[in-house]
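Please keep the sequence and the model at hand while reading.

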Amino acid sequence: MKKIWSGVHLTAVATIGGLAATLAVSAGVQAATGGGQQDLTAQLRDVQGNVVGTLSVEEASMGHERVTVRVSKVPAGFHGLHVHTTGKCDPQAVDPSTGKVSPFFTAGGHLSLDAGKGHPGHSGDLPTLLVDEAGRGVGVSVTDRFQTQHLLDADGSAIVLHALPDNHANIPERYTSADGKKGPDAETLKAGDSGGRFACGVIQKAR
Ligand SMILES: [Cu+2]
């Protein structure tokens with residue numbers, strides 16, 4: 001995906017076009033099985049402990065999950081958004097590699113069910129969230145990169161909203177990183193330079 005605008009446009013069209021078919025398939029499956037899989041939810045809190053948003057994960061169709069995030073009281077602009085590996089959101093967490101407080105470090109890295117794929121190919125990578133001037137934002141996406149059982153594994157999982165936009169490692173060859181290489185460097189390939197972790201929510205079963 002070289003031209004970011006064409007990529008965004010195609011994604012939006014595909015999502016809208018697929019929705020009617022998705023809903024029809026989902027209704028058919030539920031009628032046949034007497035219910036879908038377990039829906040999931042999370043409450044996002046910032047470093048001070050304020051609730052700033054909610055997450056819901058629902059079955060959209062066979063093998064696809066619909067992920068909805070709603071936030072308020074978040075700084076305006078784009079924010080990186082990912083499912084992280086571990087269901088632990090400690091605002092006082094310390095990064096052992098630096099010895100410094102790194103809020104929500106305990107949530108681990110991006111959920112990655114295929115070790116061969118880096119960012120933005122991680123299972124937990126989601127579209128960046130747009131927050132308006134009033135501090136509100138809503139993001140809806142459909143993904144086939146994970147199933148709800150992957151989020152409810154032994155150590156759980158967490159949704160993390162970052163402080164900065166996620167560049168999805170889209171650093172064209174014409175740019176040179178600080179280490180002299182063209183294109184994305186190791187840090188970009190890890191998390192898309194989306195900065196600190198602004199808010200975190202442990203993902204759990206919805207009631
Ligand atoms: Cu993240």
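The model is a predicted one.

First, the protein as a whole. It has three helices and twelve strands. The chain holds 207 residues, and 35% of them count as buried. Among contacts with a separation of 6 or more, 68% are made by residues 24 or more positions apart. The accessible surface comes to about 11,500 Å², and carbon and sulfur atoms hold 58% of that area.

Next, the metal site. Which residues supply the protein donors of the copper ion? They are His-82 through ND1, His-84 through NE2 and His-162 through NE2, lying 2.0 Å from the ion. Along the sequence these donor residues follow the spacing H-x1-H-x77-H. Is His-82 buried or exposed? Buried means under 20% relative accessible area, and His-82, at 0% relative accessibility, therefore counts as buried. His-84 also has a relative accessible area of 0% and is buried.

Leaving aside neighbours within four places in sequence, Gly-196 is in contact with His-162 and Ala-163. The C-alpha atom of Gly-196 is separated by 9.7 Å from that of Gly-80, a residue 116 residues apart from Gly-196 along the chain. With 43% relative accessibility, Gly-196 counts as partly exposed.

Phi of Asp-193 is near 55 degrees, a positive value in a residue other than glycine. Most residues other than glycine have a negative phi. Asp-193 has a relative accessible area of 31% and is partly exposed.

Now consider the second largest pocket, which has about 430 Å³ of space. It is lined by 19 residues, and the closest to its centre are Phe-105, Glu-187, Lys-190, Gly-195 and Arg-197. Strand S7 (100-101) and helix H3 (186-191) each supply at least two lining residues. The largest share, three residues, comes from H3. Sorted by class, the lining has nine polar, six charged and four nonpolar residues.

The loop between S7 and S8 holds Phe-104. Phe-104 counts as buried because its relative accessibility is 2%. Pro-120 is also found between S7 and strand S8 (129-131). A cis peptide bond joins His-119 and Pro-120, with omega about 5 degrees. Most peptide bonds are trans.

One more loop remains. Gln-147 is found between strand S9 (137-143) and helix H2 (148-151). Not counting residues up to four places away in sequence, Gln-147 touches Gly-63 and Glu-65. The relative accessibility of Gln-147 is 19%, so this residue counts as buried.

Notes: Residues are numbered from 1 along each chain as its sequence is written. This is a predicted model: local features need pLDDT of at least 70, side-chain atom pairs count only at pLDDT 80 or more; totals for chains, interfaces and linings use all residues. Side-chain values use heavy atoms; hydrogens and water are left out. Donors are N, O and S atoms within 2.8 Å of the metal (3.2 Å for Na, K and Ca); water is not among the atoms, so sites may look incomplete. Buried means under 20% relative accessible area, exposed over 50%, partly exposed in between (1.4 Å probe, protein chains only). Helices (H or I, at least four residues) and strands (E, at least two) are DSSP runs, numbered from the N terminus. Contact means heavy atoms within 4.5 Å. Accessible areas come from the Shrake-Rupley method with a 1.4 Å probe; for residues, only the protein chains shown count as cover. On a 1 Å grid over the protein atoms alone, a cavity is a set of points where a 1.4 Å probe fits but cannot get out, and a pocket is an open set with protein on both sides within 12 Å along at least five of seven lines; lining residues have an atom within 4 Å of a point. Grid points are joined across faces, edges and corners, and a volume is the space filled by probe spheres set on the points. Ala, Val, Leu, Ile, Met, Phe, Trp, Tyr, Cys and Pro count as nonpolar, Asp, Glu, Lys and Arg as charged, and the others, Gly among them, as polar.
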